[in-house]
Amino acid sequence: MQAKFTAIALSVAAALALGACGKKEEPKPVAAPAAPAPVAKPVIVVKLGHVAPMTGPQAHLGKDNEYGARLAVEELNARGLEIGGATAKFELLAEDDAADPKQGAIVAQKLVDAKVQGVIGHLNSGTTIPASKLYSDAGIPQISGSATNPKYTQQGFKTAFRVMANDVQQGKALGEFAAKQGVKTVAIVDDRTAYGQGLADEFKKAAAAAGIKVVATEYTNDKATDFKAILTKIKSTKPDLVFFGGMDAQGGPMNKQMKELGIKAKFLGGDGVCTPEFMKLGGEATEGNYCSLPGMPLEKLAKGPEFKDKFNKKFGTEIQLYAPYVYDAVMVVADSMKRADSVEPAKYLPEVGKTSYDGVTALIAFDEFGDLKGGAISIYQYKGGKLEYVETLGGGPVGAVKEAAAEVKDAAKAVASTATEAGKDAVKAGAEAVKDAAEATKAAVEKK
Amino acid sequence: MKRHRKVPFLHVTVDLPKMDIFLQQIINGLVQGSIYALVALGYTMVYGIMGLINFAHGEVVMIGTLVTITVASLLIKAGVPLAVAGLAGLVAAVLACMALGWGLERVAYRPLRNAPRLTPLITAIGMSIVLQNVAMIVWGRNYMTFPPVLPKINFELAGAHFTAVQVMIVVVSGLTMSGLVLLVYRTKLGMAMRATAQNPQVASLMGVNSNRVISAAFVIGSALGALAGVMVGTYYEIAHYQMGFMLGLKAFTAAVLGGIGNLAGAMAGGILLGIIEALGAGYIGDLTGGFLGSHYQDIFAFIVLIVVLMFKPSGLFGEKTGDRA
């Protein structure tokens with residue numbers, strides 16, 4: 001009896017061991033057909049975590065983010081990036097935080113335990129901020145494509161970066177824009193999330209500074225569909241403008257209900273409502289209202305239309321919102337790894353801070369906090385079911401013209417070619433060359 | 001210029017708009033409450049007969065909305081007139097939800113009829129999660145817009161605005177509730193339901209087929225759920241696979257407030273909850289001098305719920321049901 005049991009235990013152990021061996025050997029056959037040369041290049045697996053809500057009211061935005069990350073990962077794998085003498089194979093570990101801060105911390109711990117080499121996300125500021133502590137403690141670089149609350153990068157974590165202008169910049173731009181539109185009184189609504197509240201507070205400051213009177217401050221939540229009660233109260237204060245800090249799933253119906261209640265005020269919101277979904281949900285009621293997005297409109301960016309085509313073709317759906325930013329975030333991680341010639345978080349982290357990457361959304365470089373340098377804010381108007389670009393406020397060389405961006409792109413290409421030839425030192429020199437090029441374009445733009 | 005002369009009467013002109021805001025809040029609450037009530041009827045019917053809280057009812061409502069959207073949009077694309085497409089969508093939703101309700105009872109609750117009370121409660125929560133995820137797979141994560149099957153007509157009454165859809169919601173809820181009361185108190189099926197509710201064993205000894213009665217309760221409750229789903233869809237014009245969750249929770253609260261198991265109680269509880277919420281959101285800030293904002297609106301609803309349950313543990317209209325409560 002006992003002998004039998006030992007035999008079974010042995011065979012199980014053997015099977016496990018075999019299984020483990022099988023796993024280790026797996027990457028080899030992938031590399032083999034690609035390189036018929038005598039020595040096949042080793043493959044190094046780079047695990048990147050991606051977190052966004054895949055369930056709940058913001059699931060559509062979460063999926064959009066994941067698509068952006070997937071597109072980047074697939075392109076990187078097709079390109080066969082070489083890091084530390086091995087071909088890097090990027091793997092995306094996509095997690096769902098349901099836009100819930102508690103869930104956000106749980107999946108963050110899961111990614112830390114899975115020893116990911118980098119994290120892309122989260123989508124919401126409310127989940128990004130608590131999770132960033134875990135990543136910082138584990139020394140894992142984190143780049144969010146969409147968390148705009150200023151607090152995220154102000155906690156003193158060396159691992160926290162974002163590739164989008166923050167809400168201080170956005171709130172300020174929106175406040176200035178409102179004043180420029182001749183708004184005298186405003187009612188502010190926020191959804192009590194870190195993002196919504198943060199944006200509304202920054203807007204409030206900017207509006208007050210511009211001499212706009214705040215006549216009502218109301219609150220909702222990020223799961224609500226009925227806003228009639230708070231809108232009725234807002235109606236009694238007769239504002240010129242209703243500002244909403246929150247997401248499209250609430251903003252759309254809110255616009256509709258404003259119209260039903262006979263509120264004549266205009267509507268203004270941040271990046272969370274600057275989506276096609278918002279217009280779909282708000283219908284005609286959104287016509288003529290405004291929203292803002294960090295960065296420049298895609299069609300005005302050198303690589304924008306190309307990215308849009310790729311995205312539509314690959315996933316058969318329109319870009320919702322942050323996909324290009326998330327795509328850039330992945331590319332920045334890969335770029336930093338390449339420059340550090342290592343996929344070790346501790347080794348490539350310093351390189352993330354020195355990034356100067358010509359992405360789809362902007363020329364990405366970080367300040368000492370990990371915020372995007374010179375982030376521009378663009379204002380859009382909802383017109384005939386489309387987002388129409390109005391103007392860009394703030395921003396440095398990024399907010400320049402198409403040709404300038406093209407010049408930078410050429411410079412970057414040159415850098416890329418030198419990089420493959422001359423290795424690490426050349427990359428550093430190349431990065432400086434890009435910086436110079438950026439400054440040159442800035443000067444050129446100013447001359448123009 | 002004329003306005004300046006009216007300055008001595010300024011206090012009058014300030015008071016008047018406040019009245020229309022109050023009226024507007026009452027209308028908001030009444031409409032919201034009618035929706036709660038319609039959903040609460042589904043909870044209360046099942047609870048009244050089986051003593052089971054069917055937590056998947058909110059998901060039945062959601063599936064009703066999504067089926068209507070799919071059917072109505074297809075028909076509209078095929079060139080069918082809006083009103084006809086809307087009606088066809090409604091019929092399809094009611095049929096689909098009736099089948100769903102029947103299936104839910106057969107699969108998740110009937111095998112557990114004699115199990116401890118907690119067991120069917122847990123399967124109910126499980127079914128709710130399953131249905132949400134199935135809907136997510138079938139209809140996707142994106143928000144869907146409800147086709148505009150009803151013409152947009154706006155009314156104004158003493159400064160308060162309301163739409164034809166809102167009037168329809170209140171009227172339909174009222175009619176449905178009256179119909180349900182007639183069914184329960186005036187028909188043979190209703191008599192069988194009441195008998196099963198009082199004592200299932202004795203009722204079956206008297207020749208009542210309790211399985212059929214319970215199935216009927218689920219089917220009727222789900223049909224009401226589908227109707228509620230269509231109302232919600234036409235009102236907010238958006239739908240999402242998670243829309244049933246909060247709605248179900250609020251409707252459940254309404255049913256408890258009114259006295260779960262009691263039809264009139266569900267209706268009263270729903271409307272009361274809707275109005276309390278609207279007034280809470282509208283006036284909590286003024287009442288507390290800005291200390292509490294409108295995000296505390298739920299506090300009002302739940303304080304009322306707690307106070308009612310303290311003095312009337314079985315709800316406003318609830319009857320004392322002894323052991324089977």
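Author: The model is predicted. Chain A has 14 helices and 15 strands. Of its 448 residues, 54% are buried. Take the contacts in chain A between residues at least 6 apart in sequence: 69% of them join residues at least 24 apart.

Now the sheet. This open sheet of chain A has six strands, in the order 2-3-1-4-5-6. Its pairing is mixed. Strand 2 (82–83) and strand 6 (160–162) of chain A are the edge strands, and each pairs on one side only.

Strand 2 and strand 3 (residues 86–96) of chain A run antiparallel, joined by two bridges. Here A:Ile83 stands opposite A:Ala86 of strand 3. In general, strands of a sheet pair through backbone hydrogen bonds, in either the parallel or the antiparallel sense.

Next, the helices. Helix 4 (residues 101–113) of chain A packs on this sheet. Helix 4 touches strand 1 (43–52), strand 3 and strand 4 (118–121) of chain A. The direction of helix 4 makes about 155 degrees with that of strand 3.

Helix 5 (residues 125–138) of chain A lies across strand 4, strand 5 (142–144) and strand 6. Helix 5 runs at about 160 degrees to strand 5.

Note on methods
Residues are numbered from 1 along each chain as its sequence is written. Chains are lettered from A and ligands numbered from 1 in the order in which they are written. This is a predicted model: local features need pLDDT of at least 70, side-chain atom pairs count only at pLDDT 80 or more; totals for chains, interfaces and linings use all residues. Helices (H or I, at least four residues) and strands (E, at least two) are DSSP runs, numbered from the N terminus. A residue is buried if 20 or more other C-beta atoms lie within 10 Å of its own, exposed if 12 or fewer, and partly exposed in between; C-beta atoms are placed from the backbone. Two residues are in contact if their C-beta atoms, placed from the backbone, lie within 7 Å. Two strands pair if DSSP finds at least two bridges between them. Axes are lines fitted to C-alpha atoms, for helices over the stretch in contact, and angles run from 0 to 180 degrees between N-to-C directions.
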